[in-house]
Amino acid sequence: MHRNKVVSREDWFQAHKAHLAREKELTRLRERVAAERRELPWLKIRKDYVFETEQGPKNLAGLFAGNSQLIVYHFMFGPGCSHYCEGCSFLADHIDGANQHLRHHDVSLVVISRAPLAELLPYKHRMGWKFDWVSSYASDFNFDMQVSFTDRQIAAGDTTYNFETRPRTSKELPGTSVFYKDENGDIFLTFLSRARGGEALIGTYDYLDMTPKGRNETGPYHGLMDWVRLHDEYSDRSGSQEGCCDQGNSRERMNGFPGKSASRLPSGIAPK
């Protein structure tokens with residue numbers, strides 16, 4: 001590890017005081033971007049999606065659970081998935097703590113995957129997660145949200161993710177989608193975040209970013225998440241390094257969290 005210069009208390013104080021101005025600049029910028037995000041246009045949901053839940057079938061409106069706002073995390077877990085995605089699991093470890101507060105502030109949070117519920121629940125129970133995890137297997141939801149892709153799409157290179165269309169090999173990719181339900185019951189897609197946008201939901205990174213070694217990721221592709229394991233596997237470093245569902249090349253899987261570029265709108269939705 002590189003050792004920084006060691007200085008007197010006064011020099012240390014002045015250097016950190018000067019840096020504080022940059023930290024405050026970042027805070028103000030983050031607040032401005034968040035305000036701009038809340039002013040973005042909405043898209044109206046036209047389809048009546050149905051999901052398999054532990055309480056039985058529910059439509060999208062039912063996932064709001066009495067709140068007017070819904071956050072969906074798209075967990076990479078396709079039908080027949082034989083590998084659990086470390087990146088999605090890492091993010092999911094941070095959900096339950098926040099969810100205790102979100103549900104009391106007019107926000108419901110649901111995790112959605114394309115695998116049938118019978119394949120999701122054993123892993124949820126293994127991990128000890130409490131959040132609602134539902135299956136979109138019987139609907140086009142994942143495809144319309146552009147986080148799942150058919151074999152035909154992949155063969156044709158017709159895969160749009162994070163507002164960018166280019167050839168991809170992964171059938172499943174992660175992301176977050178935000179919805180609002182008005183007093184008439186109409187539902188709108190208000191925001192989506194893909195790829196590295198998910199890092200904002202991983203509090204562990206905020207802790208690491210304060211430390212001298214930072215994230216200390218040294219593997220291929222800038223070391224992105226090379227050290228992360230399922231939280232019950234840290235004592236066993238010999239596990240498989242395959243990507244989620246063994247789909248797609250390693251670069252695409254490791255960079256599954258977004259960059260931004262313009263392309264087509266998700267299907268199943270229309271301008272407000």
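This briefing covers the nonpolar cores, the cysteines and one surface patch of the structure above. The model is predicted. Its largest nonpolar core has 27 residues, and a second, separate core has 23. The whole structure holds zero disulfides.

**Nonpolar cores**
- In the largest core, Phe75, Phe77, Val111, Tyr123, Trp129 and Trp133 touch the most other members.
- Three elements, α2 (86-92), β5 (107-113) and α4 (117-127), each supply at least two residues of this core.
- The largest share comes from α4, with five residues.
- Leaving aside neighbours within four places in sequence, tyrosine 123 contacts Phe75, Phe77, Trp129 and Trp133, among others.
- Tyrosine 123 is also in contact with Tyr84, Ser89 and Leu230.
- The second core includes Leu60, Leu63, Phe64 and Tyr161.
- In soluble globular proteins, nonpolar side chains tend to be buried together.

**Cysteines**
- A search of the whole structure finds zero disulfides.
- The cysteine sulfur closest to that of cysteine 88 belongs to cysteine 85.
- These two sulfurs are 3.8 Å apart, so they are too far for a bond; a disulfide needs them within 2.5 Å.
- Cysteine 88 is buried, because its relative accessible area is 1%, under the 20% cut-off.
- Cysteine 81 is buried too, with a relative accessible area of 13%.

**Surface patch**
- Val7, Trp12 and Phe13 make a nonpolar surface patch of about 310 Å².
- Valine 7 lies in the segment before α1 (9-38).
- Valine 7 has 36% relative accessibility, so it counts as partly exposed.

Terms used. Residues numbered from 1 in each chain as written. Predicted model: local features only at pLDDT ≥ 70, side-chain atom pairs only at ≥ 80, totals over all residues. Heavy atoms only, no water. Patch = residues over 30% accessible without salt bridge, like charges linked within 9 Å, V, L, I, M, F, W, Y side chains within 5 Å. Areas by Shrake-Rupley, 256 points an atom, 1.4 Å probe, with all protein chains shown as cover. Salt bridge = Lys/Arg side-chain N within 4 Å of Asp/Glu carboxyl O. Helix = DSSP H or I, 4+ residues; strand = E, 2+ residues; numbered from the N terminus. Buried < 20%, exposed > 50% of the residue type's maximum accessible area, 1.4 Å probe, protein only. Core = buried A, V, L, I, M, F, W, Y, C linked by side-chain atoms within 4.5 Å. Contact = heavy atoms within 4.5 Å.
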